[in-house]
Amino acid sequence: MQKDKNDLKTSSLIPHLSYLKRKTSNRFTLIELLVVIAIIAILAAMLLPALNRARDRARATKCISNLKNLSMVTLNYSLDNNDYLPSPINNKNAYNTYGVINWLKCLARGGYVKTSHGTMRCYEYAPVAGWDKLTPILACPNVEKTVSASNPFGGWRDTGYGSCSDYGMNYYTTSSTDSPGNNAHQLKKVEKPSSRVMTADAGAASFTGIDYQSNTSSLSQRHSGMCNYITVDGSVHTRRFLTASDVRYGIK
């Protein structure tokens, strides 16, 4: 009788076979785990392009906002300077007020932008005091590095004038001729201002083309093959440029 009680006591310490089976059946097998991982990977692959598109749209929207602000700055300069724009490059600007400088340096010296640096590219290349103070509206959020053959959608830097930006001014903003096409001209003399490109995403301070690989002085179609730009009337647009004649003669 005592033996039977001991056997009963011992058997109570041993898990019941059915319990072990039930516990084992609740565990993931390796195959099931791999299936779950595969499903997660497929879902991630499906969502990633949508997330990238959403990110690109957000960056393009921020870029448009920057250009709207830059449009107001440029037109304010014009109002204060007898309807003249700052020169696209470095031959002249309104009244030769600041000598031979580019359009962005002209705006900065006139106090229309705080600094002529939208990025740290100038400072990183030549750490001059003050070059690390930035004006955010001069930087496109889709740009990380300086433009180059391997990075055709990058921004520009001009350490000679101490200016860095991701936007450039159309060499032919107010004139379709080469000379004096890059001089300052009055806005009131521009025909069809709503079709004439003034400032745009660009890899150069002044642009004449639409593709960096064929012309290093080009606007930049860096937003999924599209370019954000300002026309002379101050409005902001987005389009895919197919020909450089749109830059020189206006969009038809």
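The legends below describe an overview and two close-up views of a predicted model.

Local features are given at pLDDT of at least 70 and side-chain atom pairs at pLDDT 80 or more, while totals for chains, interfaces and linings use all residues. Residues are numbered from 1 along each chain as its sequence is written, and side-chain values use heavy atoms, without hydrogens and water.

**View 1. Overall fold of the protein.** The protein contains 6 helices and 7 strands (DSSP runs numbered from the N terminus; helices are H or I of at least four residues, strands E of at least two). Along the sequence the order is α-α-α-α-α-β-β-β-β-β-β-β-α. Of the 252 residues, 39% are buried (under 20% relative accessible area; exposed is over 50%, partly exposed in between; 1.4 Å probe, protein chains only).

View 2. Ile-31, Val-35, Ile-39, Ile-42, Leu-43 and Met-46 form a nonpolar surface patch of about 610 Å² (residues with over 30% relative accessible area and no salt bridge, nonpolar side chains joined within 5 Å, like charges within 9 Å; a salt bridge is a side-chain nitrogen of Lys or Arg within 4 Å of a carboxyl oxygen of Asp or Glu; areas by the Shrake-Rupley method with a 1.4 Å probe, only the protein chains shown counting as cover for residues). Leu-43 belongs to helix H3, residues 30-80, and is partly exposed at a relative accessible area of 45%.

View 3. Strands E6 (residues 227-231) and E7 (residues 236-239) pair in the antiparallel sense over 4 bridges (pairing requires at least two DSSP bridges). Ile-230 has Val-236 in E7 as its bridge partner. The hairpin has 4 residues between the strands, and Gly-234 takes a positive phi near 95 degrees.
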